Amino acid sequence: MESIAISKVRPNSENPRYIKDEKFKKLVQSLRDFPEMANVRPIVVNKEMVVLGGNMRLKAMQEAGWKEVPVQVVDWSEEKQREFIIKDNVGFGEWDWDELANTWNSVELEDWGLDSWQNMDDIETTDEFTLPSGDKEPFQQMTFTLADEQATVIKNAIDDIKGTEEYKYAETMGNENSNGNALYLIVMQWAEQRR
Amino acid sequence: MGRAKEIIVKVIPAKIANEFVKKHHYSGKVVNSQLHFGCFLDGKLHGVLQYGPPMKKMHMQKYIQDKNGNDVDWNGFIELNRMVFNDYLPKYSESRCISVTLKKIKMNAPHVKAVISFSDGTQCGDGTIYRASGFYLTDIKKNQSLQIDSDGVVYSNMSMTGKYIRRDFYEKFMHKGVKTCHSWQRNRDIAGTRPIDGFQLRYIYLIDKTCKITVPILPFSKIDEIGAGMYKGEKITLANRKQA
């Protein structure tokens, strides 16, 4: 690891991550509050001084007025560099939210940039709502206009499918209309083929 | 009741509620809901309750009659689908929040006569909160609706068929012959899943007290009789919980 002038470090133009304004402000504050952290988590750059890991931090360091930054220079193939950019940002573990709620201070967590519990002020809330009312049965009839030839084809298809094993095991959702169930099965089989 | 009284319950957007449920519910899954309540303490969201249309409306309709002995309307029922609280919330929070949401439903949707909810006695609990909130226990049955495959992945039966088939289930077993047009039982047999050991308990709460429940109301002692006791994922009888 070495310390170099911040002006020599180049942000990665292909960085696939971004940071929102509010989070960025927190990151800047975090660096101001705890600058030692940068020494144990240096910015990772390639030989051309392009950032592979730490683009947000570099931006925050510039904002915080740092003149020098700790960097770790790596000599990796193009392929490995790309792999690192993603892997460096993938979180494999999961937060134990109950543990956080019980043994960590939610105000501190928020200051440190962890989205723990959402602020009520940030959520659109209301006391009023409506729910569907009325006595609408969960069944409906549909009417189509068909040419005679089309109608014959459909009737035959419905008759055919009723004789199959598939029809015996078809999902009916409580519908007792055999033509409706047969038509549904035909459509679902068509949908199945399109998957 | 202590600080539970300080909890503020508000309707919140589905997106916020779903994110919370995915993060905190033991299943990590959300189901089709239409009404989402957030429970706030100290200005932060710490709990969510989600209500939606019952999966099997036709069955539900037969469970309740109005004061004139008629079946309730198709929309006269709502199901409490998900209830998730984190440990930040104090004791009695769940029953207080349920109570507040029921009052809000009564006020805003007076056509809703009753709430139904199912307690998952295979992985979660036997419905302590529902009993504390005035729900009636109306059924205890050996679980069939939660299926587990040989890798330990759990699926609800409704997610094993039709338009809303779970993608991971479909992709895992399509080579065996699982199809969206099959009934879930057919897909179960093809995929070789089996029901998780345990029970499912059905609870009903009457918002409209003039209605009556037409299916038998079971005494809570039935839970121990059948061996359906479970608390926080551990098999334990009601009697042993009282002693603890």
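In this report a residue is called buried when its relative accessible area is under 20%, exposed when that area is over 50%, and partly exposed in between. The model described here is a predicted one, and the values below should be read with that in mind.

**Chain B and its helix H1**

Chain B has 244 residues, of which 52% are buried, and its secondary structure comes to eight helices and 14 strands. Of the contacts in chain B with a separation of 6 or more, 71% are accounted for by residues 24 or more positions apart. The chain exposes about 11,400 Å², and carbon and sulfur atoms supply 52% of that area.

Helix H1 of chain B, spanning residues 14-24, shows how burial can be arranged around a helix axis. Its buried residues are Ile16(B), Ala17(B), Phe20(B), Val21(B) and His24(B). Because they cover an arc of only 130 degrees around the axis, they fall on the same side of H1(B). The exposed residues Lys15(B) and Lys22(B) are carried on the face of H1(B) that is turned away from this buried side. As background, an α-helix has 3.6 residues a turn, so residues three or four places apart point the same way.

**Salt bridges**

Side chains of opposite charge can pair when their charged atoms come close.

| Glu83(A) | Lys87(A) | 2.7 Å |

Glu83(A) and Lys87(A) both belong to helix H4 of chain A, residues 78-87, where they stand four residues apart, about one turn of the helix. Glu83(A) has a relative accessibility of 38% and therefore counts as partly exposed.

Glu171(B) and Arg167(B) are likewise four residues apart, about one turn, and both lie in helix H5 of chain B, residues 167-173. In this pair Glu171(B) is partly exposed because its relative accessibility is 46%, whereas Arg167(B), with a relative accessible area of 61%, is exposed. Elsewhere, salt bridges that share partners join Asp127(A), Lys10(B) and Lys104(B) into one network, and the residues of this network come from chains A and B.

The pair of Asp126(B) and Arg131(B) has a setting of its own. Asp126(B) has 0% relative accessibility and so counts as buried, and Arg131(B) is also buried, with a relative accessible area of 15%.

**Two buried loop residues of chain B**

Asp149(B) is located in the loop between strand S8 (146-148) and strand S9 (154-156) of chain B, and its relative accessibility of 5% makes it buried. A polar atom of the Asp149(B) side chain lies 2.8 Å from the backbone nitrogen of Asp151(B), while a polar contact of 2.7 Å joins the side chains of Asp149(B) and Tyr155(B). Not counting residues up to four places away in sequence, Asp149(B) touches Tyr155(B), Lys172(B), Phe173(B) and Thr193(B).

Val178(B) is placed in the loop between H5 and helix H6 (184-191) of chain B, and with a relative accessible area of 2% it is buried. When its neighbours within four places in sequence are left aside, Val178(B) is in contact with Glu192(A) and with several residues of chain B, including Ile165(B), Phe169(B), Tyr170(B), Phe173(B), Asn187(B) and Ile190(B). Ala191(B) is another of these contacts; along the chain it is 13 residues from Val178(B), and the two C-alpha atoms are separated by 6.8 Å.

**A nonpolar patch on chain A**

On the surface, Met142(A), Phe144(A), Leu146(A), Val153(A), Ile154(A), Leu183(A), Val187(A) and Trp190(A) form a nonpolar patch, and together they have about 800 Å² of accessible area. Helix H7 (148-162) and helix H9 (178-194) of chain A each supply at least two residues of the patch, and the largest share, three residues, comes from H9(A). Leu183(A), one of the patch residues, has its place in helix H9 of chain A and is partly exposed, with a relative accessible area of 35%.

Methods
Residues numbered from 1 in each chain as written. Chains lettered and ligands numbered in written order. Predicted model: local features only at pLDDT ≥ 70, side-chain atom pairs only at ≥ 80, totals over all residues. Heavy atoms only, no water. Salt bridge = Lys/Arg side-chain N within 4 Å of Asp/Glu carboxyl O. Buried < 20%, exposed > 50% of the residue type's maximum accessible area, 1.4 Å probe, protein only. Polar contact = N/O pair within 3.5 Å; in protein donor to acceptor, adjacent residues only side chain to side chain. Contact = heavy atoms within 4.5 Å. Areas by Shrake-Rupley, 256 points an atom, 1.4 Å probe, with all protein chains shown as cover. Patch = residues over 30% accessible without salt bridge, like charges linked within 9 Å, V, L, I, M, F, W, Y side chains within 5 Å. Arc of directions from axis to C-beta.
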